[in-house]
Amino acid sequence: MPSDIVTGTGGGMRHFLYALKVQRRVVSALILREIVTRYGRSNIGFLWLFVEPMLFTLAVTALWTATRTVHGSDLPIVAFALTGYAAMLLWRSMPARCMGAVESNRSLLFHRQVRILDVYISRIVLEFAATSSSFVLLGITFWAFEWLLPPEDVLEVIGGWLLLAWFGMGLGLTLGGLSEKVDLIQKFWPPFSYLLFPLSGAAFIADALPPSARELVLWLPMLNCVEIIREGYFGTKMTAHYYLDYVLIFNLALTIAGLSLVRQIGMTSNTQ
Amino acid sequence: MIRLENVTKVYDSNAGPRTILNGVSLTVSPGERLGILGRNGAGKSTLVRVISGAEPLTSGHIERTMSVSWPLAFAGGFHGRLTGADNLRFICRIYGADYRDKIDFVKEFTELGSYLNEPVQIYSSGMRARLAFAISMTIDFDCYLIDEVMAVGDESFREKCQYELFEKRKDKAMVMVSHSRRYLEKTCSRFLLFRNGNTEEYETFDQAYHEYKAMLQDSPAST
């Protein structure tokens, strides 16, 4: 094991595989440490990971069902609320957790193998796991109560969900990296994300909009992803509008921007 | 062996870029014990972090062919909101060691008792030092980086460190930063003075200490 800790030996592929092994170790240790500090050991502990998003979705479903909010279609309301709100949680929670992530893990950066990127990855993975499992568990629970029907095309739902998660990751890395450079990002993002929320498809489908407005809001990648998720879910019952190639390019650009911003952190700042 | 070649570290500060390390070249061979003297705020801790590999370089190169501990210091290395035991678990995980084999040693060495299940942020500096030292002993490093922490312990802690580090691990290398004259003189085999972002090596401790004193008198600490 001692040789395990030595760096700078071995070459090429072997070195890369070893580095990958270390990174996997570090990320899983960071995830476990996040679970302990975020959810604690007491009460229902890390179950809170699922319960928290679940309560949100339940509350919104209840509210929308009670008020019969107009969402521009005759789609089943429970499934509509579930897909919309779960998707919103997915893309909003990652940036929220990525901003300030370095600060709360700064003391752990004393260990050589803990890299700033690992801190972000662990938080993104944890958010993805939490929001995805709450989506799936809630879907199954509602199905058991016969409040909704299962998706028509599960694979398309998964595809849209992963695409949205990728967007959330890119956004998390970008805003996380930016917030280390400019403190104000942390202040501006929450109100800005509230502005985006009504436009991002949680409460409407693109087909219900007039064509000109629709083309405008489809510049938002998250709306495109939600449309894909809903097309998979409701299939023939709705007409979906999205631009897959646009989302792919947007996600790729966002990821590259995010990774390079994260790489810049710590190069010139005093990590003490 | 650890070899630093022309290592430079520049931080951004409110007063513009600040050069902390200015072309440091240094070699630590297995079994050597380096003692580093220097003024407060001069950059000794930065140097130790750079050696550990946790700090990216502005320029220069570091080669490590032995395993190096993280800097055992008052700040850093532990997560304040995690308990002592959780921090042990975390460190074991990232170094690929099994936590269950180590907990008994840590319990016995640190004498922390039930404090081991309290968040590290409520620990005193002596308690942190004991925990840091015990955890680093559970992982087999070739070189230990010690930034001040040993000086705060009480007699029994020092005796235990003495035994663990200087008897059981006689062949290990060590880089040590301290203001405690007696401690450095007793434990180190090479003596370095940190001045103007660079290190100067002296044959004997007395020479190094003399220069250190002269430096403090020449220009009273301004940093």
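**Interface and strands**

Modeller: In this predicted model, 33 residues of chain A are in contact (heavy atoms within 4.5 Å) with 38 residues of chain B. Residues are numbered from 1 along each chain as its sequence is written, and chains are lettered from A in the order in which they are written. Local features need pLDDT of at least 70, side-chain atom pairs count only at pLDDT 80 or more, totals for chains, interfaces and linings use all residues, and side-chain values use heavy atoms, without hydrogens and water.

Biologist: What area is buried between chain A and chain B?
Modeller: About 3,100 Å², with 57% from carbon and sulfur atoms; this is the accessible area (1.4 Å probe) lost on putting the two parts together, summed over both.

Biologist: And how many salt bridges are there between chain A and chain B?
Modeller: The count is zero, where a salt bridge needs a side-chain nitrogen of Lys or Arg within 4 Å of a carboxyl oxygen of Asp or Glu.

Biologist: Now chain B: which strands does strand 1 pair with?
Modeller: Strand 1 (residues 2-13) of chain B runs antiparallel to strand 2 (residues 16-28) of chain B, with ten bridges, and antiparallel to strand 4 (residues 59-64) of chain B, with five bridges. Strands are DSSP runs (E, at least two residues), numbered from the N terminus, and two of them pair if DSSP finds at least two bridges between them.

Biologist: How many residues lie between strand 1 and strand 2 of chain B?
Modeller: Two, and the two strands form a hairpin.

Biologist: Which residue is the bridge partner of B:E5 in strand 4 of chain B?
Modeller: That is B:H61; in strand 2 of chain B, B:L26 stands opposite B:L4.

Technical notes
Helix = DSSP H or I, 4+ residues; strand = E, 2+ residues; numbered from the N terminus.
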